[in-house]
Amino acid sequence: MDSEINSKANLQDILNSLEVDRKKIAETYQTCYILIGLAVLILAIGLIIRFVPLGIIGCLVPIIIAIVMYFRIEDYAVKYKLSYKMNVVGAALKDINETLTITPQSGLPEYEFISSELFTTRPDRYKTQDLISGIVDKTSFWFAEVHAEYKTETRTKNGTKTTWHTIFKGIVFVADFNKNFNVSTVVRPKGIADAIGSWFSKNVFSFGNSELVQLENTVFDEIFVTYSKNQIEARYILTPAMMERILDLNNKCDETISISFIHSKMYIAFPLSHNYFEAPIHSSLLASDLLTDDLSIVQFMQDIVHELDLNTRIWGKE
């Protein structure tokens, strides 16, 4: 009990210290905004009185000051955000599970995103961060935020126009399934090919001899489409109990999830628009609900191990 109290007291000290940094950063950003607004006002006055040179020269001074202030405080802000993730989020994770750790500057490697076969389009731009890992009983798991995009290029009279499209934005969860699968089995939302549109044929990964798997659960087949190179192994993985658990998990999500079983791992992609574990700049760190959303998503991810009964070891790795 004493250690728990001391831990919370230490966390409060960290928050108090970071709150001082946050206020400095927020005040500097606010000053930059005011200076930019002042520059616009000076330029507008110069245009109104038809003395454009005075307006241009007059607006340059606050703009230069704002730019210098912004770049100086930006390095400070990066350190503040990293400290928040390591010391505040990192400490709070221990209240959920002592094994949980966060590595802010790491994530899910791009090669693993591709090899998971969760998506059919290869990313041209890939960002990932905030790797969280832990163990529940016998099962190791980890997850990270991912934003993967592909680009299209069109020729216009002014040159080539590049447009970026999101393949996936959200959290990818990975767990040890304690089985070296002979082939891959992939479960995707039905209708996903429609979203890929004209890029499907150009950027599709090769499924080799993958076949559509018809499963006994009609509700599951209405929501998902399942592919595998081995019908027997796919049914061995997607037992009636497992399909019910996946449906229950999917019902708790705003958008349909994607799942793959490949090598000895299970991958689950959760589409999300919200960025988690970010330090606030313009709101207080001392708010009582500061970590509510962040810890809720971590608890949700950890609960997957129980939801899908991954600790029941019906197989052993070869």
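Among contacts in the protein between residues at least 6 apart in sequence, 70% join residues at least 24 apart. Contact here means heavy atoms within 4.5 Å. This is a predicted model, in which local features need pLDDT of at least 70 and side-chain atom pairs count only at pLDDT 80 or more, while totals for chains, interfaces and linings use all residues. Residues are numbered from 1 along each chain as its sequence is written, and side-chain values use heavy atoms, with hydrogens and water left out.

## Overall picture

The protein has 9 helices and 9 strands. Both are DSSP runs, numbered from the N terminus: helices are H or I with at least four residues, strands are E with at least two. The protein has 318 residues, and 43% of them count as buried. Buried means under 20% relative accessible area, exposed means over 50%, and partly exposed lies in between (1.4 Å probe, protein chains only).

Two strands pair if DSSP finds at least two bridges between them. Asp176 stands opposite Lys265 in β9. Strand β8 (residues 258-262) is also antiparallel to β9, with 5 bridges joining them. Here Ser258 has Ala269 in β9 as its bridge partner. β8 and β9 form a hairpin with 2 residues between them. In that turn, His263 has a positive phi of about 55°.

## The nonpolar cores

A nonpolar core is a set of buried Ala, Val, Leu, Ile, Met, Phe, Trp, Tyr and Cys residues joined through side-chain atoms within 4.5 Å. Which residues touch the most other members of the largest core? They are Phe173, Leu238, Met266, Ile268 and Phe270, out of 60 residues in that core. Helix α2 (residues 52-93) gives this core its largest share, 8 residues. Apart from this core lies another, of 16 residues, among them Val146, Phe168, Val172 and Tyr267.

Now look at Met266. Leaving aside neighbours within four places in sequence, its contacts include Phe173, Val174, Ala175 and Phe177. Ile259, Ser260, Phe261, Leu308 and Leu310 are also in contact with Met266.

## Aromatic pairs

A pair of aromatic rings is described by the distance of the centres and the angle of the planes. Rings of Phe, Tyr and Trp (its six-membered ring) pair if their centres lie within 6.5 Å; planes under 30 degrees apart count as stacked, over 60 as edge-to-face and the rest as tilted. The structure holds 10 aromatic pairs.

| Pair | Centre to centre | Angle between planes | Type |
|---|---|---|---|
| Phe113 and Tyr126 | 5.3 Å | 55° | tilted |
| Tyr276 and Phe277 | 6.1 Å | 50° | tilted |

Phe113 lies in helix α3 (residues 110-115) and Tyr126 in strand β2 (residues 125-136), so their pair ties together parts that are 13 residues apart in sequence. Phe113 is buried at 3% relative accessible area. Tyr126 counts as buried too, at 17%. Tyr276 is buried at 12%, and Phe277 is buried at 1%. Phe113, Phe119, Tyr126 and Phe168 form one aromatic cluster.

## Positive phi in the loops

Most residues other than glycine have a negative phi, and most peptide bonds are trans. Glu117 has a positive phi, near 60°. This residue lies in the loop between α3 and β2. Is Glu117 buried or exposed? Glu117 counts as buried, at 19% relative accessibility.

Asp137 has a positive phi near 55°. Its place is in the loop between β2 and β3 (139-156). Asp137 counts as exposed, at 60% relative accessibility.

## Helix α9

Helix α9 covers residues 292-307. Its 16 residues reach 21 Å from first C-alpha to last, close to the 22 Å expected at 1.5 Å a residue. The expected span is 1.5 Å times one less than the number of residues. Buried residues of α9 include Ile297, Phe300 and Met301. After α9 comes Asp309, with a positive phi near 55°.
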